[in-house]
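Here are my notes for your first read of this model. Please keep the structure open beside them.

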Amino acid sequence: MEDFAAVYTRYRHAVHAYLFTLCQNEDLAEELTQETFFKALRALDSFDGRCPLNVWLCRIAKNTLYSYTRKHKREAPLPDGEPAPSLPDPAPPPGAALESREGLLRIHRALHALPDPYREVFWLRAYGELSFADIAVLFNKTESWARVTYYRAKTKLKEALE
């Protein structure tokens with residue numbers, strides 16, 4: 001097992017971006033990222049290495065968000081007028097011409113409008129750079145399920161952008 005400080009440095013940004021994609025709230029994503037790594041440090045002895053470390057951390061992050069949501073389900077959501085924080089700029093895929101900020105905003109909105117699990121699987125594959133096998137482990141599904149879900153998410157995203 002790597003030194004935990006090195007694990008934190010290596011995976012902090014990815015876990016934070018993953019949580020932000022799920023909750024769409026920068027402050028909450030930051031808080032839950034810290035909680036995720038705290039829980040991971042406490043549970044380090046239970047990590048058996050059957051899945052990649054980043055998948056294990058994402059599973060802890062997702063469960064941390066679900067626990068937070070259950071605990072705070074009666075709190076009011078963010079006001080509609082509040083602007084959504086932006087995701088870190090990903091490198092555009094080869095051949096894609098993202099010519100304007102408006103185009104990026106449109107893509108961002110379309111991605112966040114995708115229903116679960118499409119949004120999450122698409123994000124994990126495209127931005128989190130997880131393999132289909134890793135995604136399957138994270139969802140306790142088959143690799144074929146991960147591939148089909150990603151394809152359907154990509155199709156829905158293309159339709160939303162037409």
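The points below cover the nonpolar core and then the salt bridges.

1. **Ground rules.** This is a predicted model: local features need pLDDT of at least 70, side-chain atom pairs count only at pLDDT 80 or more, and totals for chains, interfaces and linings use all residues. Residues are numbered from 1 along each chain as its sequence is written, and side-chain values use heavy atoms, with hydrogens and water left out.

2. **The core.** A nonpolar core is a set of buried Ala, Val, Leu, Ile, Met, Phe, Trp, Tyr and Cys residues joined through side-chain atoms within 4.5 Å. Buried means under 20% relative accessible area, exposed means over 50%, and partly exposed lies in between (1.4 Å probe, protein chains only). The largest nonpolar core has 43 residues. Tyr18, Trp56, Leu57 and Leu124 touch the most other members. In soluble globular proteins, nonpolar side chains tend to be buried together.

3. **Who supplies it.** Helices are DSSP runs (H or I, at least four residues), numbered from the N terminus. At least two core residues come from each of α1 (4-23), α2 (26-42), α3 (53-71), α4 (101-113), α5 (118-126), α6 (132-139) and α7 (143-161). α1 gives the largest share of this core, 10 residues.

4. **Leu57 up close.** Which residues does Leu57 contact, leaving aside its neighbours within four places in sequence? They are Val7, Tyr11, Val15, Thr36, Phe37 and Ala40. Contact here means heavy atoms within 4.5 Å.

5. **Salt bridges.** How many salt bridges does the structure hold? There are four. The term means a side-chain nitrogen of Lys or Arg within 4 Å of a carboxyl oxygen of Asp or Glu. Side chains of opposite charge can pair when their charged atoms come close.

6. **Glu30 and Arg12.** These side chains meet in a salt bridge at 2.7 Å, N to O. The pair links distant parts of the chain: Glu30 sits in helix α2 and Arg12 in helix α1, 18 residues apart. Glu30 is partly exposed at 27%. Arg12 is partly exposed too, at 25%.

7. **Arg119 and Asp116.** Their side chains form a salt bridge at 3.2 Å, N to O. Is Arg119 buried or exposed? Arg119 is buried, with a relative accessible area of 11%. Asp116 is partly exposed, at 44%.

8. **Arg147 and Glu143.** The closest N and O atoms of this salt bridge are 3.0 Å apart. The two residues are four apart in helix α7, so about one helical turn separates them. Arg147 is partly exposed at 43%, and Glu143 is partly exposed at 36%.
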